[in-house]
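Welcome! Here is a short tour of a structure, meant for someone meeting it for the very start of their reading. Have a look at the display below, and then we will walk through some of its features.

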Amino acid sequence: MKQALCGAAALGLKGSARAAKTLPNVVFMLADDLGWRDLGCCGSTFYETPNLDRLAAQGMRFTQAYAACPVCSPTRASLLTGQYPTRTGITDYIGAPQPNKWNHNTQLLPAPYTEQLTLDKVTLADALKAQGYATGFFGKWHLGGPDFFPERQGFDVNVAGCGKGHPPTYFSPYKIPNLTDGPPGEHLPDRLARETCQFIETHKTRPFLAYLAFYDVHTPLMAREDLRQKYLAKKQRLGLKAGWGREGQSTVRLTQDHAVYAGMVEAMDEAAGKVLAKLEELGLSENTIVVFTSDNGGLSTSEGWPTSNVPLRGGKGWLYEGGIREPLLVRWPGVAAPGSTSDVPISSPDFYPTLLAAAGAVLPAQQIVDGLDLKPILQGGAAAERALFWHYPHYGNQGGTPGAAIRRGDWKFIEWFEDNRAALYNLALDSSETQDLSAQEPARMAQLRDELHAWQKQTGAQFPTANPHYDATKPPRRATPGADS
């Protein structure tokens with residue numbers, strides 16, 4: 001079916017009158033599980049990210065950018081389609097148990113979800129390929145099996161994109177489909193960076209989309225030994241000690257001091273630096289849009305507890321800010337002023353219409369797009385207020401329970417499905433989400449609840465159902481922390 005959509009006319013796309021060589025290149029870098037405060041330019045004083053800090057200084061840093069979901073696959077589908085997860089049907093990480101396979105003592109059965117990015121979707125790669133772009137994918141895909149791999153979704157080149165949600169190891173031999181092993185001990189982020197650089201070199205005379213989806217910094221927690229030793233020494237020098245708190249039934253890390261994780265962050269930064277250096281070497285920087293972001297919040301409540309999102313609450317798998325707010329850097333010469341920042345709330349679906357417009361393409365006629373073109377914001381303009389939405393009808397491996405949320409202006413409303421409990425926060429005054437203002441703001445609560453429910457209905461959201469096997473006399477058993485989360 002996808003082959004029938006490869007032409008610009010079939011896509012409902014309109015070619016630009018500009019010569020292809022004037023179209024901007026796009027380098028999209030996506031980290032996995034990187035938290036909002038995990039870059040130096042975003043406030044970390046333990047992790048070192050000089051290359052990404054330099055990228056921030058050369059473009060715009062968003063302080064209130066969001067992932068479309070607190071776990072990976074839904075956000076990844078959203079980035080590629082411009083749609084909220086409720087529209088793609090991918091509302092949980094692919095590989096999570098479907099309700100008919102659920103064997104945990106929870107009040108609800110999680111909602112069913114789609115286990116692949118279906119081929120009827122016009123992806124970012126499809127759309128840019130129709131505009132004459134070379135398209136290359138490098139890294140983590142996690143959007144379905146072989147029939148739904150990147151090469152079936154508009155990408156000319158696929159290196160390491162497969163159904164895996166994490167690498168078996170970060171050192172060769174990798175055991176990753178679509179990635180040949182390198183010399184023993186070769187490091188995965190460096191290898192993916194070199195593959196991306198080779199693609200850029202090969203296609204330097206035509207517009208290209210290079211989509212570098214790091215496996216870093218997802219588990220397994222593995223770092224180069226030199227970097228691990230560097231951060232063990234730094235931790236000792238600074239006198240850092242791990243701090244812990246509670247989030248629901250989960251322990252949450254409150255300090256950034258994990259030496260292995262810090263080494264993974266720096267290795268990812270080095271890899272990003274190699275790609276940025278290649279653009280500079282080839283004289284392509286001034287005509288290349290570079291985006292760097294993450295797919296969900298930092299992992300802070302399970303599976304090694306590698307990072308802290310403080311002052312934000314919670315982390316990956318939670319609808320609190322720590323689970324969905326992301327680092328976002330955009331370098332777009334002539335559009336985003338160097339060293340600029342924006343506090344406009346934006347979300348994953350916004351990249352699709354932004355990059356299509358930059359490539360001179362219109363949105364596909366057959367596909368609803370939820371995002372907005374960010375170019376006016378990148379130019380420093382004001383943005384009309386709008387609502388952002390989240391719907392996660394699943395039990396997260398990290399301790400979160402099924403729920404949904406809406407943000408409008410400074411206000412965020414969260415509703416949990418187990419007991420219909422709800423909370424209201426003013427993020428401008430309380431980014432840590434510690435002061436529930438629902439009792440003081442009943443009218444605002446009702447308005448946001450109604451708007452959220454209307455959106456869920458409009459987008460076809462699926463909901464959890466009562467678990468007939470739930471036993472209230474037994475302790476609840478959450479999903480076991482899983483490698484594919």
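## The largest cavity

Sorted by class, the residues lining the largest cavity are eight nonpolar and one polar, with no charged residues among them. This is a predicted model, and the cavity has a volume of about 50 Å³. Its lining is made up of I289, V291, V330, W332, F351, T354, L355, L374 and L378.

Which elements give two or more residues to this lining? They are β9 and α10, the latter spanning residues 351-358. Helix α10 provides the largest share, three residues.

## The second largest cavity

How many cavities of 30 Å³ or more does a search of the whole structure find? The search finds two. The second largest cavity has a volume of about 40 Å³.

Around this second largest cavity you will find L30, R76, L80, F137, K140, W141, L143 and Y211. Six of the lining residues are nonpolar and two are charged, while none is polar.

## The second largest pocket

By class, the lining of the second largest pocket divides into 10 nonpolar residues, one polar residue and seven charged residues.

## Two helices side by side

Two packed helices are described by the angle between their axes and the distance between the axes. Helix α6 covers residues 188-202 and helix α8 covers residues 259-281; their axes come within 8 Å and cross at roughly 15°. Angles under 35 degrees count as roughly parallel, so α6 is roughly parallel to α8. The crossing of these two helices, α6 and α8, is right-handed.

Which residues make the contact? From α6 come P189, D190, A193, T196, C197, I200 and E201, and from α8 come A267, A271, K274, V275, K278, L279 and E281. The residues of this contact between α6 and α8 comprise eight nonpolar, one polar and five charged.

Is the phi of N178 positive or negative? Phi of N178 is near 70°, a positive value in a residue other than glycine.

Another cis peptide bond runs from V310 to P311, and its omega is near 20°. P311 sits in the loop between β9 (288-294) and α9 (321-324).

Technical notes:
Residues are numbered from 1 along each chain as its sequence is written. This is a predicted model: local features need pLDDT of at least 70, side-chain atom pairs count only at pLDDT 80 or more; totals for chains, interfaces and linings use all residues. Side-chain values use heavy atoms; hydrogens and water are left out. Axes are lines fitted to C-alpha atoms, for helices over the stretch in contact, and angles run from 0 to 180 degrees between N-to-C directions. Helices (H or I, at least four residues) and strands (E, at least two) are DSSP runs, numbered from the N terminus. Angles under 35 degrees count as roughly parallel, over 145 as roughly antiparallel, 65 to 115 as roughly perpendicular and the rest as oblique. A crossing is left-handed if the near helix is turned anticlockwise from the far one by less than a right angle, and right-handed if clockwise. Contact means heavy atoms within 4.5 Å. Ala, Val, Leu, Ile, Met, Phe, Trp, Tyr, Cys and Pro count as nonpolar, Asp, Glu, Lys and Arg as charged, and the others, Gly among them, as polar. On a 1 Å grid over the protein atoms alone, a cavity is a set of points where a 1.4 Å probe fits but cannot get out, and a pocket is an open set with protein on both sides within 12 Å along at least five of seven lines; lining residues have an atom within 4 Å of a point. Grid points are joined across faces, edges and corners, and a volume is the space filled by probe spheres set on the points.
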